[in-house]
Amino acid sequence: MLTHEIGSLAKPEWRVKSARGLPITQQNIDEAVSWGKRLGIDTDNLVSLLKKSKRTAEENKEIHRLSSFFGLRLMEHAGIDIVYDGEQQRTEMYHQAVSQTGGFEFYGHVRSFDNKYYRKGACVDKPKFTKAYHLEEFKQISKMTRRPLKVPITGAYTIGDWSYDEYYSQRTFDIGTSAGRSARKAARRKFVLDVARYVIKPNIQALVKAGAAWIQIDEPAVTSHPDEVPIFVESFNASTEGLRGTFSVHICFSDYANLFPHITKLKNCSQYALEFANRDSRNLGTRDSDRPGYQVLKLFKKYKIPGAIGLGVTDIHTDFLEPVELVRDRILYAVKVMGDHRLIFPTPDCGLRTRSLDIAYEKLKRTVIGTRLAEAKLV
Amino acid sequence: MNNIFLELSGIYPRSEALIAATRDYDRKRISLSQLQATLKQQQDSLCQFQKKLGIKVLADGQLNWQDIFRPFGVFCREIEPGTLTRFADTNTFFRQPVITGRLSFDGSRLAEYFYGLAAKGNYKATLPAPFFLARVADDQYYHLVNKLALAFTEVLISLINKLKQHGYSSFQLYDPCLGYLGANKKELEIIRTITKMLIARTKAKIYYQTSFSASQAAVKALIGAGVQGIGIDFFNTDIKKLPNFQGKIDLLAGCLDSRSSLVEDVSTLVKFLREAIKIIKPRRLIATSNIDLQFVPQNIAQKKLTNLRQAIELVKNKI
């Protein structure tokens, strides 16, 4: 069984501070050196860059590149099979995409949860592809490793759902009427499909052309409007139509039952990477009652969904370090339900950016060790 | 019609200053007392803004509520914050309430979460409806939605009776699940029964706020429960499909779309308000947002409310 990660890792302080032009402390440098030693990275160049009181734009770019290298090595060192860089060069999955796409403007902050916020954009004109915003990053990372890469890219539905729409729905203001509601729904579909065709597809096309073999389309928001799952299906198909490569989807923290039966119409989707551990018990065992978080797998089986499962086996919202036996049992249960170990790709639930690098590393390592334990049981 | 008012509902967006303060506090750059000072300043300023808009029943905006359930973890030891759960169709999350034991109410820390307790004025509070909490909770104790809803009703009764003693005059029970997930006949009967019980034991003005679409059956059940008024999301409900209130109860008309940055123009709002009065015939019409305004940045929320104030004036003056 192959392991992979989902996307983001926390950015080291030295990376954050260099991007913001803040002074880098000796403690930040020590942290870089310590992780360098742990991961077998020569940090001389990085340290000399960090020690400079003023850096050029090129030097800051080099720091970002080195941060990618650290992210990538961290995953490799943990033993992950299919890797990327922990999105070290990106700001945030939504902001990164929308800020480099024509037709959007950013407004103020909106709360995501607790004291976490994101800057929400508004579509004010027809979305336009302006540049392949992950291309440079992919080219750099592909030179850093021999392991297979999986490139995460934010999907069209999520961009549509997380943005305000002031362009497509500008004439749908009627309040208290069914006509107004229908017009807003039609506007939403048009908005998402335009993002898929004119923004996401050209981005994927550029990555495929540059040699990206596997693109993961991140659609965390898919099931939040159950009646809009068909729009997601259309947008995924439109984003990948006519392209050659491996395409998968990542969905998390929502009710996956809403995906059915709509996803039977997904074309070109080779894997569904989902969060499960967050909703599971911490008890060991492979009976149904031991694994409440994984029951939805039965729906994949029932609807004969072609494609593999990216199986979330570690919870990214807590510092709890899953015992490797728990990871093992989650995998064994999934294999039992799906009936074929080749359909299971163990992963963390989602990107690990909310965890410290120490915790993230441990969780990745446990994902790998748990997988090896499960394999041993399956032999 | 002169019985037309403006009110805020639920959690109001935090200002950029408060956002910065909460972030600074999380990163240990400022102390708790510095954060609380910013919070107080923002609550004061929100009340001033409401007074400028002519709002009579003030809301504190619940600016320090991390979500609609979180403070109940303080009022009830047996409600613990659980996993992050996506809130309906918004790109936001709440901590699923985990019910670990028999619910009991502790009112010793109410002042931290209800600004009106320390300020003078006429306040309203938006609280989670019992059936809403019961449907989304991870219930490890009661194991039955009805039982948990009933137990949480007891908590709300104690809370409302306490708040009533300190200037709170109006209570809005918030139940987005009613529209988002729907409710069958049996569930509507439970909602009706527990709401009736809550009203009987608090003698308070209880409004039941639905979000997403509101069915005729749900509205009829709530009228039967004896609520003061019903909140309707008019971006998801056709006004013509609702029953006539026959002047018996109030309409909390959700006519600002909290999920959209487009600011509703005054003429559209005027047209809607006139229609609502004509078709629904409420006792009083309280114009508000369709769900918490926290889903738009504060400057947009302010523009929306300002336009709604203007629209109300035009309707009142029959212009």
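# Exercises on a predicted two-chain model

Of the 201 residues in the largest nonpolar core, those touching the most other members are Ile309(A), Ala334(A), Ala253(B), Leu273(B) and Ala287(B). The model is predicted: local features need pLDDT of at least 70, side-chain atom pairs count only at pLDDT 80 or more, and totals for chains, interfaces and linings use all residues. Residues are numbered from 1 along each chain as its sequence is written, while chains are lettered from A and ligands numbered from 1 in the order in which they are written.

## Exercise 1: the core

*Solution.* 
- Step 1. A nonpolar core is a set of buried Ala, Val, Leu, Ile, Met, Phe, Trp, Tyr and Cys residues joined through C-beta atoms within 7 Å. A residue is buried if 20 or more other C-beta atoms lie within 10 Å of its own, exposed if 12 or fewer, and partly exposed in between, with C-beta atoms placed from the backbone.
- Step 2. Two residues are in contact if their C-beta atoms, placed from the backbone, lie within 7 Å.

## Exercise 2: strands of chain A

*Solution.* 
- Step 1. Helices (H or I, at least four residues) and strands (E, at least two) are DSSP runs, numbered from the N terminus. Chain A has 12 helices and nine strands.
- Step 2. Two strands pair if DSSP finds at least two bridges between them.

## Exercise 3: a sheet in chain B

Explain why one side of β2(B) and of β5(B) is left without a neighbour in the sheet.

*Solution.* 
- Step 1. The open sheet has three strands of chain B in the order β2-β3-β5, with mixed pairing.
- Step 2. Both β2 (79-86) and β5 (138-139) of chain B stand at the edges with a single partner strand each, so one side of each has no neighbour in the sheet.
- Step 3. β2(B) and β3(B) (residues 93-99) run antiparallel and are joined by six bridges. Pro81(B) has Pro97(B) in β3(B) as its bridge partner.

## Exercise 4: where the chains meet

State how many residues of chain A are in contact with chain B, and classify that side of chain A.

*Solution.* 
- Step 1. Here 30 residues of chain A are in contact with 37 residues of chain B.
- Step 2. β1(A) contributes the largest share of this side of chain A, seven residues.
- Step 3. Ala, Val, Leu, Ile, Met, Phe, Trp, Tyr, Cys and Pro count as nonpolar, Asp, Glu, Lys and Arg as charged, and the others, Gly among them, as polar. This side of chain A has 11 nonpolar, 13 polar and six charged residues.
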